[in-house]
Amino acid sequence: MKLLTILLFAILAVIIGKARFLSFRSQEPSDYASTGPEFSLKENLNGEILSEGLIYGPNGKMSNSFVARMVGEWDGNAGTLTEYFTYSNGKQMTRKWHLTLGTGNTFIATADDIVGEGRGVISGATVKLSYRIILPEDAGGHTLDVTDWMYLTENGTIMNRSEMRKFGLKVAELVATMRPAPEIKQAHLNGANGYDSTTETRPLQ
């Protein structure tokens, strides 16, 4: 019986060690210090941004998806990022982040559904943001510990991966892309002096 107990503790220790040191949570900002392109909140979270994402439940299955329009605005070291979400279940939600740049590549993030302040670190091509979020009542009203990682790619797209935990256990995961919205340009076609007023605000691909 004693041997069985020791064996169970050993297995539990391996599981905990694997979760802590061989998983999403094991990465640190210093791991990406030499990566590029360099992430700049004032440049990469500025203007209009389009996002698409998937949300996975604790069983690893996709539970929801969303599209979002985001608008970043900056005044010196203070900025806002307003997010307009539309989910696949028909729900819509808006969140407005208030971002304040600090020293040493750090920043603070606050929002109405965030407990206290979120703490962020910029390192190379990455951003790590940790915070506690209060879910809406129709989603259970739970308070979750969230770790966001954003990775800037060469073409300017940001890959976002987040883990949400309750009492240390993963309850949800989010994977999303964030990319600058395409500019709206005037379209000029052949004929009629090369100009077609009906396509004046058509996005050019």
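Reader: How many bridges join strand E8 to strand E9?

Author: This is a predicted model, in which local features need pLDDT of at least 70 and side-chain atom pairs pLDDT 80 or more, while totals for chains, interfaces and linings use all residues. Residues are numbered from 1 along each chain as its sequence is written, and side-chain values use heavy atoms, without hydrogens or water. Strands are DSSP runs of E with at least two residues, numbered from the N terminus, and two of them pair if DSSP finds at least two bridges between them. E8 (residues 143–152) and E9 (residues 158–166) run antiparallel, and the number of bridges joining them is 8.

Reader: Which residue of E10 is the bridge partner of Ser-162?

Author: E9 pairs with strand E10 (residues 169–180) in the antiparallel sense, over 9 bridges. The two strands form a hairpin with 2 residues between them, where Phe-167 in the turn has a positive phi of about 55°. Across this pairing, the E10 partner of Ser-162 is Leu-174.

Reader: What is the relative accessible area of Ile-55, and is Ile-55 buried or exposed?

Author: Ile-55 lies in strand E1 (residues 47–56). Its contacts (heavy atoms within 4.5 Å) include Phe-66, Tyr-87 and Leu-174, with residues up to four places away in sequence not counted. Buried means under 20% relative accessible area, exposed over 50% and partly exposed in between, with a 1.4 Å probe and protein chains only. Ile-55 is therefore classed as buried, at 17%.

Reader: How many aromatic pairs are there, and what is the angle between the planes of Phe-66 and Phe-85?

Author: Rings of Phe, Tyr and Trp (its six-membered ring) pair if their centres lie within 6.5 Å; planes under 30 degrees apart are stacked, over 60 edge-to-face and the rest tilted. By this rule the count is 7 aromatic pairs. Phe-66 and Phe-85 form one that is edge-to-face, with 5.4 Å centre to centre and an angle of 75°.

Reader: Where do Phe-66 and Phe-85 lie, and how many residues apart are they?

Author: Both Phe-66 and Phe-85 are buried. Phe-66 belongs to strand E2 (residues 62–75) and Phe-85 to strand E3 (residues 78–87); the pair links distant parts of the chain, 19 residues apart.

Reader: How many residues has the largest nonpolar core?

Author: Such a core is a set of buried Ala, Val, Leu, Ile, Met, Phe, Trp, Tyr and Cys residues joined through side-chain atoms within 4.5 Å. Among those with the most contacts inside the largest core are Phe-66, Trp-97 and Leu-99. The residue count of that core is 34.

Key
Helix = DSSP H or I, 4+ residues; strand = E, 2+ residues; numbered from the N terminus.
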